[in-house]
Amino acid sequence: MKKDIPDLSRIISETVDRRKNEIIDFCRDLIRIPSLTGGERRIQEFVAKHLKDMGLEVKVWEPDLSKMKGHPGYVDVGKDYVNRPNVVGIYKGKGGRSLILNGHTDVVTPEPLKKWSHHPWGAEICRGKIYGRGACDMKGGITGMIKALQILLELDLAPLGDVTLEVVVDEEASGNGTLASVLEGYNADAAIFAEPTSCVIMPAHRGAFFWRVYIEGKGAHAGVKYQGISAVEKGMLIYRALEGLENKRNEIGKKHPLYGHYPVTTPVCVGKFNGGWYPSSVPEECILEGSVEFLPGERVKTVREQFEQTVENTVKKDPWLKKHPPRIEWFGLSLPPAQISSDHSLIKTFKRAYTEIRGKEVKIAGFPAGCDMRIRVLYTKTPSIVFGPGDISLAHRVDEFIHIEELLLFIKILALGMLEWSQKENYLEN
Ligand SMILES: [Zn+2]
């Protein structure tokens, strides 16, 4: 007999609350396995075992570079995937709408270690939060997607459609893990990327690219510094100009319906500013490195041209730079943005599930970073959202944590939404 939504909502909520300790333990187990990008083997084996124990059809494989090279979504990071397997676990439904739940197990460096007040691999619990590198980006999300499916199956509330748990490597540096899964043939009617959105539904994410600018100076002994030209001082001119570029771009970003509310809609970040070699030498060289983030609807080519123009305008106004123009280099990361329509039935389904569980409406916004969602939206045309527990502002920094209550909330909404999505006549939409 088909249960109505309030019944389902209550059963799911009560079960998730009752199984709180098991959920916390699983999340802590994931955090305790250090899994820096490149060192994902152990955690992937741990996840694979758990998915097998759940009775899923599990595939573990190392992404094949030769298959990925030449694909427009491939990012060359100069590394292969030996000992870095992807893991996919599939629950076979009975023909309803299918869903992919995607998560990456790789995490960024916990440095600077000495600034942590909780050990980054300790998974300590303090005042309702679990601390550790990856707690919100995104071992909380992975815990949520695995436990949501496991709980549904154990409640005998299996989704009607296939559910694929896609647990990938190498999101932080490239997105090649998700690409490898696409090329392996895994697909579905929709996908959810459980990155930290504080349970806000995000049908878009930014694009981003890295840049580097080399600036030349003229060395001199500090005692006669007026005979030299400081590359750092010239680097400051570029720095200020890039602030201007950010302000200008921000005006346009403010008009974007999903991004207008962010204080900085399209960040231009100078992440490194290196100049000089010796305390009593005028710096001969200065190197700036940073990133530019841009919005759905923008092209990487156009944004790069704006960047070049900004540097060029600064050069024109400075006689030294005119003679010694800085060199711009694009390196490393370069990812396009992606967006789906905010009216898509995937969004309607999860909006309704949110309201049912939470008793209030969910916010819809754009994800303020890049992520793997683009691979499915751009290359397999799979409608996708970013939706997960944890606050992105806590990711990639010391004392990263996830609120236990938010993790439980996510599992409840995901379980209910997943169930309703899988129904052929999706009554949550009406
Ligand atoms: Zn992430």
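**A note on helix packing, domains and strands**

1. Helix α1 passes helix α12 in a right-handed crossing, that is, with the near helix turned clockwise from the far one by less than a right angle. The contact is formed by Leu 8, Ser 9, Ile 12, Ser 13, Val 16 and Asp 17 of α1 together with Leu 408, Ile 411, Lys 412, Ala 415, Leu 416 and Leu 419 of α12 (contact: C-beta atoms, placed from the backbone, within 7 Å). These residues divide into eight nonpolar, two polar and two charged (Ala, Val, Leu, Ile, Met, Phe, Trp, Tyr, Cys and Pro count as nonpolar; Asp, Glu, Lys and Arg as charged; the others, Gly among them, as polar).

2. A word on the basis: this is a predicted model, where local features need pLDDT of at least 70, side-chain atom pairs count only at pLDDT 80 or more, and totals for chains, interfaces and linings use all residues. Residues are numbered from 1 along each chain as its sequence is written.

3. Now the domains: domain 1 covers 5-205 + 337-429, and domain 2 covers 207-335 (bounds from an automatic or database domain assignment). Their centres, taken over C-alpha atoms, are separated by 35 Å. Ten residues of domain 1 are in contact with eleven of domain 2. On the domain 1 side, five of the touching residues are nonpolar, four polar and one charged.

4. Finally, have a look at strand β11 (residues 285-294), which pairs with strand β9 (residues 207-216) in the antiparallel sense over ten bridges (strands are DSSP E runs of at least two residues, helices H or I runs of at least four, numbered from the N terminus; pairing needs at least two DSSP bridges). Here Ile 215 has Cys 286 of β11 as its bridge partner. Strand β10 (residues 268-275) also pairs with β11 in the antiparallel sense, over seven bridges.

Key:
Contact = placed C-beta atoms within 7 Å.
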